[in-house]
Every structure is written in C-alpha cells, then in structure tokens.
Amino acid sequence: MSTNQEKEKQFLEAYDKYADAIFRYCYYRVFDRDKAKDYVQEAYTRTWKYIGEGHEVENIRALVYRIANNIIIDGVRKKKSISLNQIMEKGFAPKTDPREKTENYFMGKDIINLVKSLDEKYRDVILMKYVEDLSTKEISMALNETENNIYVRLNRGLEKVKEILRKQEV
Amino acid sequence: MSTEKFNSLLETAKKAILSEKEKEQIRFSIVNFIKDNPHQEKILSPNKDYHWYSSFIRFALSGSTLRYTSMSLATLAVCVFFGSGIAFAAKNTLPGDFLYPVKTQVNEKILGWLTTSGQAKAELYISLANKRLEEAEKVALQGRLNAAARAQVEISFSENISKAQLNIKDIGGQDSADVSANLNSTLQGTLQAHSKILDSVITDRKKSHSDSSGAEVESFKQKVATHLDSVIKARKESEARVFVKSASDVAAKVTAENKQKEAQNRMQAVSNFLVAKKSDISPEVYLVSEADITTANYVILQGEAKIQTGDYAGAFSLFQQAMRIADEVRINVLASTNLNINLQLPKIEIEDRDTDSNSNQSINKKTEIQNDAQGIIDVDTKIKGVLGR
C-alpha cells in the first residue's frame, strides 16, 4: 500500500472511531441534528485539508475537535439563540427503544437545561471530559489552551454543574 | 444525589450517536472529498538539503485531482534540468499558451511515472482527460480555440484516454472486474457530461460571436464522441466480465447489493454537493440537476427491482448508470461554477442497456422508463411548488 493510501486508511479509521463523539459534541452545542451532521462532515474534510497543507498532527482526535469547535463558533455567531422548547420540538437525539422514550425526554430536558446553563468556557470542557472522555491534554490541544487553564475550568465547571443540579432538585 | 444525577445525565448524553446510515452517508461524502483533494506525498527524506528540490516538485506537480508516489533520482534529475521556474509557470496554462506543452508533456508525464498501480494510473489518466476537457471548454469560451490549440488539447486528450483504457484493461487482483467496470463507467460519465457542456459552449459562441472557433469546438466534440463510443463498449464488456467471474448466485447477489450501496451513497453525496453549491449556480442548472438526481434515484429503484427478480447483472448495470448520472451532475455543477456562461444543459436521459438501441422493443422500453421517471419528476416539482421551494 502506498503512503498516500495508508494515510487515507488511517484518516478514515479516525472517522470510524470518533464520528459519534464529534457528532455528540456538535449536537450539544447547536441542538440541531442535521446541523451537527453537517458539522461532522465539515470538520473531517477541513481536517483532511489541514493535514494536506503539511501540518504535523500529534493527535488527530484533538485536531478534529479543535476544527469542529471552530466551525461551531462560526455557526453560532451567525445564528440567534434557540429556546429549550424549540430544541425539544426538534426531538432530543432520538433513541430507537420506545420504552426509553419518556425517560429520554425528561433526561433530555435536564441535559439541555444543564448544557445551556453553563458558560461556554465550562460547557466545552465538561462535554469533552465527561461525555467524550478526552484527557486534559487532548482537551488543551483541542481548545488551544494550556493544561493548567483546562484544569481550572474543569474544577469551576463542575462546581457550576453541582450548583445547577442542586437547584433542579429543589 | 447531584453526583448520581450528573452520572445519569452523562450516561443518557452519551447515547446521542449517528445512525449507521447517517454515518455511512457522511463517510461516503468524506471519501469523495479525499478523492477530489488528494495529498501530495513527501518525495524525499526530511533531509533539509533537499528542501528546494521538493519545493520545486510541489510547484510543478500540484493539482487538485492528481496523485503521485515516491520519485526516483533519475526523475528528479529531469525536473532539476527543466528548472523549477518553468514547471511552475506552466502549471495553470491553457491550450495555445506557450508553456502548455511543458504542462502536458513534462509535468504530467512525470506524474505518470510516479504512479505505480494500474488502478492509480487509470484514475490519473481519467483525471487528466477531464482536465483537458475543462481546458478546451475554457479556451473555447474565450474564443481562443483555434486549429493549433485544438490540435494540442486533442492530442493530449486522446493520449490520456488511450492510457486510461490500457491501464483499466491491465488491472489485476481479486476485484479487478468490478474495479475495471467502475473506472470505465466513470470515464463514460465524464465524457458524456463534457459532450453536453461542449454543446452548450458551441451554442453560446454561435449566439454571441461570429468567429470561426465554433468549427474547432465542433471538431473537438466529434473526437470526444468517438472516444465515448469506444468507452461505452469497454464499459459494457467489463460489466459482463463482473458476473462471468462470480462463483455462485449468492456471490452475484452480494456484488449487486454492494454496487447498490455504492450508488445510494454516491447519490447522497452529490445531493449534498448540489445543495452546497446552490448559491453558486443558476436556478436553471439547479433545477435540471435536481431532476437528474431524481432520475438517478429512479434508476436505482429499477435496479432494486432487478435484484428481486434475480437479474444481478442487470441490477449492477443500472446502479452503475445511476452513479454515472451522479458524476454528470457533479461535473455540470462544477462547469456552471467555473465557466462564465449560462449553461443550457438538457436533462440526463436514462440509457438503454440493450446493445441494439434501435430496435423497437428497446425503444418502447426506454420510453416507458422515461415516462415513469418524468411522472415522478412532475410530482416532485408539484410538491416543491406547493411547499414554495
């Protein structure tokens, strides 16, 4: 196999491995399934272009997250904010098992409430750390921040999460 | 409590995933993007002493659709001899330009040397043939396709087609018949699309200009038509070979179903492409392209029906046809974006599988399929009208 074919194979393996995670990350930022799918595709095509320009890639997973994050930021800037009801009307990331539908609906509302209540700087790190299981180093590469900043944001973000959940329980 | 709640929320949040179909559709679009945007390989070792050589190669050989592998020292010597400046200057030349022969006879020849496998070579020469057609169209629109320029582009074009066909024939390996059929189909779709674009260019020149360049374009178009006939023949032969090699009915069915999947993914990718390019093309081209996609989807349905009846060869051929339509749509949209004219493209017609396309039976069958497809397009148009799209 030529080097180019190998590169393509590895790149597509990275797609197969991380597409769901990138989709989730995008979805919990824009709460629009179709848009999240478009962002996934765009993130991977831009990553391919970026690699093609000769840049060294230490961690492709972190790179795709970084590019996805940039795409989302550009998209969010153009769009007005969407209400919780509008999100729920679109349908929260559907699950096929009908028995879980009701549970998912209320869980979905809580997740969305939680995510929307967090500041952007905490939301990104919380999603990446606790939903996608990225390491702190990977998060720092994805968000182009120092690891120390990521630690601080994670701690403060978790405090915020606890505060929000406590308020929900009251 | 809040920790438990948080963990529950995390568990539910992780369930948001793409469906298998969605994942595959996106993957197919990415694969197509990779094919359209291949990377240039690092030719030499990272030794910085060779940096200027590799820079030269990058200038000389960069192109949106071309690939190459490692380079020998002998080839490097050729590139050094010609000098990086000339090769770079030749990169974007068109037929009739002074350095155009450097592009076609030096730069692109080197690419051929650098590509190793038969399949990669075939893909390279198909890509180069496509490039010749784009160049001819561009130059024709500028009124610069005189006899000399036409001869230049025609010679290179014919050479690329011959080399593509030769390499397609030489493809070995387990899936060689399928790969050959696919490549022949791609080549056919390319020639068909550009044949119609050339018609549009000829019409445009006749309307707005009184120069004689129309005659040169007609002549070039005839050459394209001649090659198209031979490519259609080769495609039919290679499709027939796919099923001769099939060991059993089960294997034949799997082959047909794989092609069906490929066709469906190709349709999704081209639909996404059309939507993405909507603001760059005229409403007429957009509507015709939409109608063509509907036709292709109908052809896929016909193929699915053939699988049900056990006609796997027939199904395979129909799925290939749908993929050719998708390729034509893509080429039309790109031409509409790149050429500064109002492209008047006819709707793509469903091809007749039978060799004897003049027989009454095959004409009636073709008309029946066309009428069915038109019916679907009419309903589709009405629905869109109601929805205000």
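Guide: Partly exposed means a relative accessible area between the buried range, under 20%, and the exposed range, over 50%. The model discussed here is predicted.

Visitor: Why is B:Asp199 called partly exposed?

Guide: B:Asp199 has a relative accessibility of 33%.

Visitor: What makes B:Asp199 and B:Lys221 a salt bridge?

Guide: The N to O distance between the two side chains is 2.9 Å. The cut-off is within 4 Å, so the pair qualifies. B:Asp199 lies in helix α9 and B:Lys221 in helix α10 of chain B, so the bridge ties together parts that are 22 residues apart in sequence.

Visitor: Is B:Lys221 buried or exposed, and how do you know?

Guide: The relative accessible area of B:Lys221 is 16%. Buried means under 20%, so B:Lys221 is buried.

Visitor: How do you know that B:Lys261 and B:Glu24 meet in a salt bridge?

Guide: Their N to O distance is 3.9 Å, and the limit is within 4 Å. B:Lys261 belongs to helix α11 and B:Glu24 to helix α2 of chain B, so this pair ties together parts 237 residues apart in sequence. Both residues are partly exposed, B:Lys261 at 44% and B:Glu24 at 28%.

Visitor: Where do B:Lys233 and B:Glu237 lie, and why is B:Lys233 called exposed?

Guide: Both lie in helix α10 of chain B, four residues apart, about one turn of the helix. B:Lys233 has 55% relative accessibility; exposed means over 50%, so the term applies to B:Lys233. B:Glu237, at 39%, is partly exposed.

Visitor: How many salt bridges are found over all chains?

Guide: The search of the whole structure finds 32.

Visitor: Why is the pair A:Tyr25 and A:Tyr65 called edge-to-face?

Guide: The ring centres are 5.4 Å apart, and pairing requires centres within 6.5 Å. The planes stand at 75°. Over 60 degrees counts as edge-to-face, so the pair gets that name. A:Tyr25 is in helix α1 and A:Tyr65 in helix α3 of chain A, so the contact ties together parts 40 residues apart in sequence. Both tyrosines, A:Tyr25 and A:Tyr65, are buried.

Visitor: What sits over the ring of B:Phe273?

Guide: The charged end of B:Arg330 does, at 4.5 Å from the ring centre. The distance limit is within 6 Å, and the value for B:Arg330 meets that limit.

Conventions. Residues are numbered from 1 along each chain as its sequence is written. Chains are lettered from A and ligands numbered from 1 in the order in which they are written. This is a predicted model: local features need pLDDT of at least 70, side-chain atom pairs count only at pLDDT 80 or more; totals for chains, interfaces and linings use all residues. Side-chain values use heavy atoms; hydrogens and water are left out. Helices (H or I, at least four residues) and strands (E, at least two) are DSSP runs, numbered from the N terminus. Buried means under 20% relative accessible area, exposed over 50%, partly exposed in between (1.4 Å probe, protein chains only). Rings of Phe, Tyr and Trp (its six-membered ring) pair if their centres lie within 6.5 Å; planes under 30 degrees apart count as stacked, over 60 as edge-to-face and the rest as tilted. A charge sits over a ring if NZ of Lys or CZ of Arg is within 6 Å of the ring centre and within 35 degrees of the ring normal.
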